[in-house]
Each structure stands twice: as structure tokens, then as C-alpha cells.
Amino acid sequence: MATVDTTPAGPHAPPAPAGILTRPPEQPVPPGARAPHPATTLIGSVQRAMRLLECTAGHEHGAPAKQLARETGLALPTAYHLLRTLVHEGYLRRDKGLFFLGEAAERLSSSGAKQKRRSTVVEALAQWRDSIGVPVYYAQYRDGEIDVVCVSDTPGNPAVVEWADFRETGHAHAIGQCLLSQLGQDARLDHLERYPVQPITPYTVRDRASLLRRMDRMGRMDLVVERQEYALGTVCAAVPITVGSAAATMAISLPTQHSGRLLPAARQLQSEVGRLLGSLAISISI
């Protein structure tokens, strides 16, 4: 019977027979250390193109290819090739031998700025949600429509379920009433013509004339309170915000069993919004 050599391989082990490939011994990984990952494959041409875009963005009045090549450390032929490609795709434009950011790059920049503004509002809503202990809503009136842009709630303090389209029932909820109260008479009547007043709970305002009389008594920047007009078992309040020509509102909601908290919570929100309105003035236009 043939014997099997069980001698472990090591630095003094005899060489393997000719023609047989052997695998080098694996190095042990020290405790707590991660095994090395395979090298990530990077696409060099993309990296170089991004460097050219970043470099061009730093020259408000444009820069020639030679300068961009020098500042990015690229060979001039490589820079020319990438610059032509970026111009073709709209990320750069060329004018009198100088390169500038193109429309495609500006759209990316605009989108990034919009996301940043939105995150500012989302963070503010989350802060107020936690400090006041209620769901917080942010809405705007734009292009003739009520748009609930952001809602911040928690499982313990859930937002109102949109069981009837918020855009079509603005007469019935605090958000809609607050936005409509900020509009001029013509814009308000136009909205109510497109979305007629109709009761959706026993507490909803019954007709357009009654709603308009209520709004006539309401100051343009008054706190708006609504009790079970949109959803049974829910009370709401909305704080009007106007920056320039934009009509907007921050709002809260509570179950009716906690309706005693509505006005104090709404006034706290109004105070917080007033304190931060300067920093939010640009961000609310999202």
C-alpha cells in the first residue's frame, strides 16, 4: 500500500515535483483585522474628465485647453480629446478658445442645490417634530395647486392619512385654508372654481360663500385652526409663511383627544418658524 506523506509544507519542505503547480501558503489574518479586498477597478478616463470639469468650474471667466491640461496634470492631447467629448455631451461649452461649464453641468449643479435646500427643510421639520412632539407638514401653493412638499412624523405621532386628495379638498383642511387665505381674490376664486367646496365630514364648511366669509374675517398671516373638517378624530393648525410671492405653510395635527395641546403646539411652531425664517427663506422655494 502506498503511503501518504503528511509532512506539512514549510520553509524546509522539499520542492514539488517538476510540472506540478503549488499554491503559496496563505498568510494568517491577525485577530480583529479584515481580510484584504481585491483592488477596485477605476476608470481612468472618467477620473480625468471629472478633474477637467472641476478645474473648469474654478474659472468663472473660462480657461484655454493648455491651462486646463497644465492644472490637471494631463497631457495636452489627452486633455483636448476629453474636452471635445465634454463639449459634445453638453457638460462644457467652448467660446473663443475658452472652455466654460455647459448646460448639462449647470443642470447637475442646480439639482444638487435643490436637494440641499430640501434637506434643510426636512431637517427643520424633524427638529420641530421632536421638540414639539407632533407631526409637522410643509406645503406650498404653486402653479395653481396645493402641494404638500414634506411630512415629518413618527410611529407614535403619525401624520393624517390622505384619504381624500389634499389638492382637491383645500377648503377642508388647515393647510389648504392657510394657503388659500394668502392668495389674492382672483387666484382664490379660480382655485375654488376648479375644486368646488363640498362637505367631506359633518364639520366641513358647507359652501363657497361660507368659506369666503371665513377667509374675509381671517388675517392674511393669522394662524389657521381646523377641527375634524378634513378627517374625523383629527384637529390641525397651520402657520402661514410668505417669502416674496410664494405662499407656504408649516402645519401640525393631533388626535381630538389631545386637542387641548393644539394651540400651544401651534404657537410654539409659529415661534420656531419665525426664529428660523431668515435661514429658511431660500430653502422653502423647493
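Tutor: On a 1 Å grid over the protein atoms alone, a cavity is a set of points where a 1.4 Å probe fits but cannot get out, whereas a pocket is an open set with protein on both sides within 12 Å along at least five of seven lines, and lining residues have an atom within 4 Å of a point. Grid points are joined across faces, edges and corners, and a volume is the space filled by probe spheres set on the points. The model is predicted, so local features need pLDDT of at least 70 and side-chain atom pairs count only at pLDDT 80 or more, while totals for chains, interfaces and linings use all residues. Residues are numbered from 1 along each chain as its sequence is written, and side-chain values use heavy atoms, with hydrogens and water left out.

Student: How much space lies in the largest cavity?

Tutor: The structure holds one cavity of 30 Å³ or more. The space in the largest cavity comes to about 100 Å³.

Student: Which residues of its lining lie nearest the centre of the largest cavity?

Tutor: The lining divides into ten nonpolar residues, two polar and one charged, where Ala, Val, Leu, Ile, Met, Phe, Trp, Tyr, Cys and Pro count as nonpolar, Asp, Glu, Lys and Arg as charged, and the others, Gly among them, as polar. Of these 13 residues, those nearest the centre are Val160, Phe166, His173, Ile175 and Cys236.

Student: Which elements give two or more residues to that lining?

Tutor: Helices (H or I, at least four residues) and strands (E, at least two) are DSSP runs, numbered from the N terminus. By that rule the contributing elements are helix 5 (174–181), strand 6 (234–243) and strand 7 (246–255).

Student: Which element gives the largest share of the lining of the largest pocket?

Tutor: The largest pocket holds about 160 Å³ of space, and its lining has seven nonpolar, five polar and no charged residues. Among the lining residues are Asn157, Val160 and Pro255. The largest share, three residues, comes from strand 7.

Student: Is serine 181 buried or exposed?

Tutor: Serine 181 lies in helix 5, and beyond its neighbours within four places in sequence it is in contact (heavy atoms within 4.5 Å) with Arg188, Met215, Met218 and Arg220. Its side chain also reaches the backbone oxygen of cysteine 178 at 2.7 Å. Buried means under 20% relative accessible area, exposed over 50% and partly exposed in between, with a 1.4 Å probe and protein chains only. Because its relative accessible area is 6%, serine 181 is buried.

Student: Aspartate 143 and glutamine 228 both have positive phi; at what relative accessibility does glutamine 228 stand?

Tutor: Phi is near 55 degrees in aspartate 143, which sits in the loop between strand 3 (136–142) and strand 4 (145–152) and counts as exposed because its relative accessibility is 79%. Phi is near 60 degrees in glutamine 228, placed in the loop between strand 5 (224–227) and strand 6. Glutamine 228 counts as buried, its relative accessibility being 19%.

Student: How far apart in space are proline 255 and asparagine 157, C-alpha to C-alpha?

Tutor: Proline 255 belongs to strand 7, and is partly exposed because its relative accessible area is 33%. Not counting residues up to four places away in sequence, proline 255 touches Gly233 and Val235. Proline 255 and asparagine 157 are 98 residues apart in sequence, and their C-alpha to C-alpha distance is 9.2 Å.

Notes. A polar contact is a pair of N or O atoms within 3.5 Å; within protein, one must be able to donate a hydrogen and the other to accept it, and residues adjacent in sequence count only if both atoms are side-chain atoms.
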